[in-house]
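Let's take a walk through a protein model together, looking at its rings and its pockets. Please have the sequence and the 3D view ready.

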Amino acid sequence: MKKLQRGYISFMTLMIMVILLSVCLGVSGLTAQNLRRTYRQSRSNLALQAAQAGLELATTQALTAMNSGGGVFDSTTVNLTSALANVSENATVTAWVSPGSTPKFGWITCSANISGFTRSVRSRLRGKNVGIWNNAIFAGTGAAGQAINGNVDIRGSVHLLGEGEEYSDLNSNGHRDGAEPFTDSNSNGVWDPGEPYTDSNNDGVWSAAEPYNDSNNNGVYDPPMTVTEMNSTFSGKAYIGNNYHNMPTALESIVPSLMGPGITVETLDSEVRCKHGKIALSGTASLGTSDLIDGGTSKNTLDGVFVNDGWGGNQGSASVFSDNGTTEAYDLEGYGIKFPLITGIGAETYTAGGSQYDNYTAYYNSKGLSVNVSTIKSTTAAFSFGPDSNGNSLSFTPASGSTPAVLNITGVIRLSGDLQLGAKDSVYYKGSGTIYSPGTIRVDGNFLPAPGETFPTTSKIGLVARNDLMLATGNGSAQLKMAGAFYAMDTIVSRKQNEIAGTFVSNYFDMGTNVPSIFQVPALASNMPPAMPGDKQVWSVQSLTWRER
């Protein structure tokens with residue numbers, strides 16, 4: 001009996017050992033399998049991370065190439081292995097850039113291989129010129145808490161900075177300091193030694209106000225717009241649109257068509273940006289529309305709105321119709337886009353012909369053709385200036401019978417004072433040139449390219465005013481039509497129901513109450529008149545789709 005018990009115990013022990021061994025072998029096999037799976041997954045995930053990093057790097061490189069190569073996606077194959085060694089030292093990474101169906105679209109594909117495991121990602125990109133002149137309106141400082149005031153029909157992009165006026169930060173504290181308060185004992189309007197004062201910065205001396213560039217000539221320093229101020233106020237029938245719907249034939253016939261091969265919907269690629277301050281919409285004013293336009297052949301919504309401080313007015317965001325909604329913030333931080341001051345504090349240097357000038361005004365004074373003309377109307381007597389040693393010239397032929405008045409311009413023309421252009425009449429232009437006035441330019445007549453010319457590809461003109469640009473502000477200056485690149489360092493005033501093709505660049509805009517129109521011409525940004533302030537093209541890249549291949 002004891003022998004039988006011992007045999008049974010031995011048998012059970014053996015069976016337990018066999019079972020344990022089987023379990024151990026099973027667990028060991030499962031562990032090995034999991035380790036292999038984990039290894040494969042980790043290698044695959046690392047390859048995906050490397051591919052994504054390569055895609056981002058290739059996108060950055062494509063953006064750099066666009067800024068130096070005219071804004072197109074070039075077909076390129078790039079080996080990024082060494083550039084991404086810090087991401088994964090064992091990865092082999094290659095990216096391909098392929099142009100899309102039109103120059104503004106492209107594809108970037110990136111593949112990464114780690115230890116035989118390959119992952120590949122692809123993105124469809126849109127490149128866009130976001131430079132100053134690829135807008136219908138570009139506004140700088142603003143005035144009295146606004147950048148645009150009035151009822152206006154805008155077709156195209158709008159970019160509002162609201163940065164505040166440039167100043168010299170003498171104490172490097174990051175904001176402009178006004179003069180320290182003092183008791184003007186002798187009532188002479190200035191602080192005199194010995195007069196009591198408040199030492200606000202605790203430096204032991206009375207401090208005067210830091211100097212600033214009064215770019216809008218209102219006599220006071222304008223700080224950056226804030227959330228409590230309105231950067232733009234649109235009311236009544238004010239509208240920002242994305243098409244040429246209802247554009248007068250007289251204008252549409254002299255600018256390049258928005259339609260082309262493969263394009264079935266007319267669009268200006270309109271975007272609205274506001275860096276500082278709100279945009280206020282009241283009454284029937286709107287950005288884009290939900291209504292169908294031209295049977296759906298003209299785009300009704302905006303491509304995007306990018307506003308830091310939100311919306312105001314009695315309509316606010318309810319009257320905004322945009323492909324990206326209404327909550328995205330300003331998207332061009334880091335692009336270095338500033339209002340192009342032409343003189344004074346904050347004005348940037350200008351380089352041309354291998355030489356550098358302190359600012360645009362210095363260039364105009366040095367290289368522009370000096371012309372002693374203050375009035376150009378259809379009846380002005382014929383005149384001719386130049387060409388000078390820089391190739392600048394300006395000539396004028398007055399109207400005669402059915403032959404219109406024509407202004408021929410080449411290069412940069414520098415006036416000595418104000419200019420009156422037109423007076424309830426028509427002046428046409430030919431050539432490519434820029435007229436600079438150290439004062440104010442007033443346009444009170446039709447101002448268009450000569451018959452047979454196209455703006456801005458065959459004929460183009462720029463008007464640059466140190467002070468104001470006054471469009472259709474004279475008595476009887478109604479229903480005018482103009483085409484050009486318009487710049488004023490102070491204010492652009494556009495009145496009555498004038499209709500203008502081109503771009504406005506100014507610190508402040510006053511559009512009145514009669515709904516003047518401005519139609520952006522996208523071709524202008526790459527066909528600028530010479531030496532226009534801020535004419536550098538700036539490109540951005542937006543990812544439209546992303547997927548793993």
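Start at Tyr-363, which is buried because its relative accessible area is 14%, where buried means under 20%, exposed over 50% and partly exposed in between, with a 1.4 Å probe and protein chains only. Before we go on, note that this is a predicted model, in which local features need pLDDT of at least 70 and side-chain atom pairs count only at pLDDT 80 or more, while totals for chains, interfaces and linings use all residues. Residues are numbered from 1 along each chain as its sequence is written, and side-chain values use heavy atoms, with hydrogens and water left out.

Which ring pairs with Tyr-363? Tyr-357 does, in an edge-to-face arrangement with 5.1 Å centre to centre and 80 degrees between the planes. Here, rings of Phe, Tyr and Trp (its six-membered ring) pair if their centres lie within 6.5 Å; planes under 30 degrees apart count as stacked, over 60 as edge-to-face and the rest as tilted. Tyr-357 is also buried, at 11% relative accessible area. Both belong to a cluster in which ring pairs link Tyr-350, Tyr-357, Tyr-360, Tyr-363, Tyr-364 and Tyr-436.

Across the whole structure, a search finds 19 aromatic pairs. One of them joins Tyr-212 and Tyr-221: the ring centres are 5.6 Å apart and the planes are at 75 degrees, so this pair is edge-to-face. Tyr-212 has 24% relative accessibility, so it counts as partly exposed.

The charged end of Arg-122 is placed over the ring of Trp-107, 4.4 Å from its centre, and Arg-124 lies over the face of Phe-105, 4.5 Å from the ring centre. For this, NZ of Lys or CZ of Arg must be within 6 Å of the ring centre and within 35 degrees of the ring normal.

Now turn to the open spaces. The largest pocket has a volume of about 1,200 Å³. A pocket is an open set of points on a 1 Å grid over the protein atoms alone, where a 1.4 Å probe fits, with protein on both sides within 12 Å along at least five of seven lines; lining residues have an atom within 4 Å of a point. Of its 42 lining residues, Thr-102, Lys-104, Thr-267, Asp-269 and Pro-522 are the closest to the centre.

The second largest pocket has a volume of about 450 Å³. Its lining has 20 residues, and Ile-132, Gly-336, Glu-348, Gly-534 and Lys-536 lie nearest its centre.

Technical notes. Points joined across faces, edges and corners; volume = space filled by probe spheres on them.
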